[in-house]
Amino acid sequence: MNAMNDIRPALRGAVPQPGFLTGSWLALRLAWRQLRSERARLASAIAGVMFACVLVFMQLGFRAALFESATTLISAMRADLFLMSPMTLASFRPETIPRVRVSQALGVEAVQAAVPVYLAQASFRNPETGKRRMIQLIGFDAEAGVLDLPGLSAMREALKQPDTIAFDTRSRPEFGPVAQIFAGQGPFPVQIGNREMRVVGMVELGSSFGADGNAVLSEVNFRRAVRERPQALVDLAAIRLKPGADLLAAQAALRAIMPPDVAVLTQEELRRHELRYWEEATPIGFIFSFGSLMGLIVGMVIVYQILFSDIAGHLKEYATLKAMGYSNGHLSRVVLGAAGILAVLGFVPGTIASALLYSVVAEATFLPLSLGADRALTVFAMIFAMCAAAGLLAVRKLRDADPADMF
Amino acid sequence: MENPVEIRDVTYAYGEGALRREVLRDVELRVAPGEIVILTGPSGSGKTTLLTLVGALRGLQQGSCRVLGHELAGAREAERVALRRRIGFIFQNHNLLGFLTARQNVAMALEMDGGTGEAQRLERAGALLGAVGLAEHTEKRPGQLSGGQRQRVAVARALVARPGLILADEPTAALDKASGQEVVHLLRDLARSRGTAILLVTHDPRILDVADRIVAMEDGRVVGDGSAQAVLG
Ligand SMILES: Nc1ncnc2c1ncn2[C@@H]1O[C@H](COP(=O)(O)OP(=O)(O)OP(=O)(O)O)[C@@H](O)[C@H]1O
Ligand SMILES: [Mg+2]
């Protein structure tokens, strides 16, 4: 703009150019008028952007839900530190540690309580259809209050009874209408492994990619259900510190006394350890990133095609505008303006469609899918960048509009 | 007052090396303020090439070409773009934007003039459409107008920015005799009343009467310059 102003005095009687804002507004308006004039083309462009938008929302949603659900169990535990086998990759497939490490932990001054936690997958028989499906069993000392789940404290006594479990209402529906049966008739028997156990209550935890459903039970009942488990082995130890104790100092003290068969992790470290498994050791994180990228590429190609054919179909008109004194830069702004308009017009219905899909999928999968403002902002940035890239590619076609060919 | 067009020793060639072909040789031409000059000559004689040089649509290779007081020899692209805003162009085809109304199309010629506001642009466009006899049709799109009407919109578009010079290449080629004559006469009258000079290329003998002067070209050279009788015999 300023370069243009500098040469102006040399050009007698020259016309003052519109300022940047006015020029951008005029470019945007021209872009909109052109887009609007071809309804079918506009509709397909919007559909393309919408498609990319929905795809990216779904991929990001699944990705975040996976990572979130992978750590709900850890987040629900009321503990400051954890003992875990250094061999454990993820909590749905834990390696065991010697039970004696739990009592050893009590030797550290700052430790108030150390509670063993048992994790195992066992088959659960659907009370309606009789079909079996693997469920995650979470066993712990019901007295210790280490697991902080809605509904759990109320059934502490009930869980002390032999062969009782609390069922996770947010388990996948394939386990059967456990919650409905319980609401209707109270405690009722189910089969876990080869054992008949009683559902005595409901908790809320949530399924994850590692566990389709969960059942919470006492240490003793866990051993009954999982017979092959030797008494001396546990999967995790949850450690609560005395009030005011220093977390890192306690962690260091525990590490000092523990043999190398256990790792001492803070809750945040354990959460990140779990996340790292899903992000790095499985292709799942990559698959979702790749899915988003594919959506963006397909969307970009569609938008590029539309913008390109808009220019190619109006080369004479663009050349005429150049002859009339429209600069290449201004016409580029028209094309980029069209790209920006398509980004917005595709994003709005795309977000609405995604919100609907989220609720449908969340209902079907019990995954924690939620469309927050920050994710909407991320997706908009991606869609906008996608359209801008398509616009920048299409802008090159403007060079073919040569005003010297007009006469 | 300075001549809107002053051309001296302009030579122009297309292609390079073995493919190089000179299509203009030592061309001299001037157009006085308010003068209407028709450029004529056989096909391939270089008329269009000359017009694109005067219109700053092409870079000058050799010689001097002053247009509206601005020397085009060595002019940068940005300077040429700026100069074009002060020239009105009329093409063989109207080249109107199909998705804009007649009034919006005419106003487009003012949008690159930062000194005008939207209301002013639309008002001036409407006034000029009235002057070309299209007061009833300002809100129609080009698709709803006849060929002659479209070319009249193009005339209005070329004039609305009050250019010092109008360049037109075969503006009647796509029109029947009656509408062709109507368009050029309109162009002549409007240009006269505004003191706008016109350089118009045509093969069409039916419109030679609008010219103050006729310049004949042949094989890249100016071979005649004067009144219609003097040049065409
Ligand atoms: N872009 C170009 N590249 C190469 N040669 C060209 C180009 N444009 C024109 N020519 C050649 O230059 C010569 C002059 O062309 P020009 O279009 O200026 O003639 P003209 O007098 O306008 O002809 P017409 O009456 O047919 O429009 C012709 O031989 C033509 O083939
Ligand atoms: Mg020609």
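This is a predicted model: local features need pLDDT of at least 70, side-chain atom pairs count only at pLDDT 80 or more; totals for chains, interfaces and linings use all residues.

1. An oxygen atom of ligand 1 lies 2.9 Å from a polar backbone atom of Gly44(B), and an oxygen atom of the ligand is 3.3 Å from a polar backbone atom of Ser45(B).

2. Residues are numbered from 1 along each chain as its sequence is written, chains are lettered from A and ligands numbered from 1 in the order in which they are written, and side-chain values use heavy atoms, with hydrogens and water left out.

3. The shell around ligand 1, with residues counted if a heavy atom lies within 4 Å of the ligand, includes Tyr14(B), Arg21(B), Val23(B), Pro42(B), Thr48(B), Thr49(B) and His203(B). By class, the shell residues divide into three nonpolar, seven polar and two charged, where Ala, Val, Leu, Ile, Met, Phe, Trp, Tyr, Cys and Pro count as nonpolar, Asp, Glu, Lys and Arg as charged, and the others, Gly among them, as polar.

4. Strand S2 (21–31) and helix H1 (47–54) of chain B each supply at least two residues of this shell, and the largest share, three residues, comes from H1(B). Helices (H or I, at least four residues) and strands (E, at least two) are DSSP runs, numbered from the N terminus.

5. Asp9(B), in strand S1 (residues 5–14) of chain B, has a positive phi near 50°; Asp9(B) is partly exposed, with a relative accessible area of 42%. Asn95(B), in the loop between strand S6 (87–90) and helix H3 (102–111) of chain B, has a positive phi near 55°, yet counts as buried at 6% relative accessibility. Buried means under 20% relative accessible area, exposed over 50%, and partly exposed in between (1.4 Å probe, protein chains only).

6. In chain A, Ser171(A) is located in the loop between strand S5 (164–168) and helix H7 (178–185). Ser171(A) is buried, at 4% relative accessible area, and its side chain reaches the backbone nitrogen of Asn214(A) at 3.2 Å.

Terms used
A polar contact is a pair of N or O atoms within 3.5 Å; within protein, one must be able to donate a hydrogen and the other to accept it, and residues adjacent in sequence count only if both atoms are side-chain atoms.
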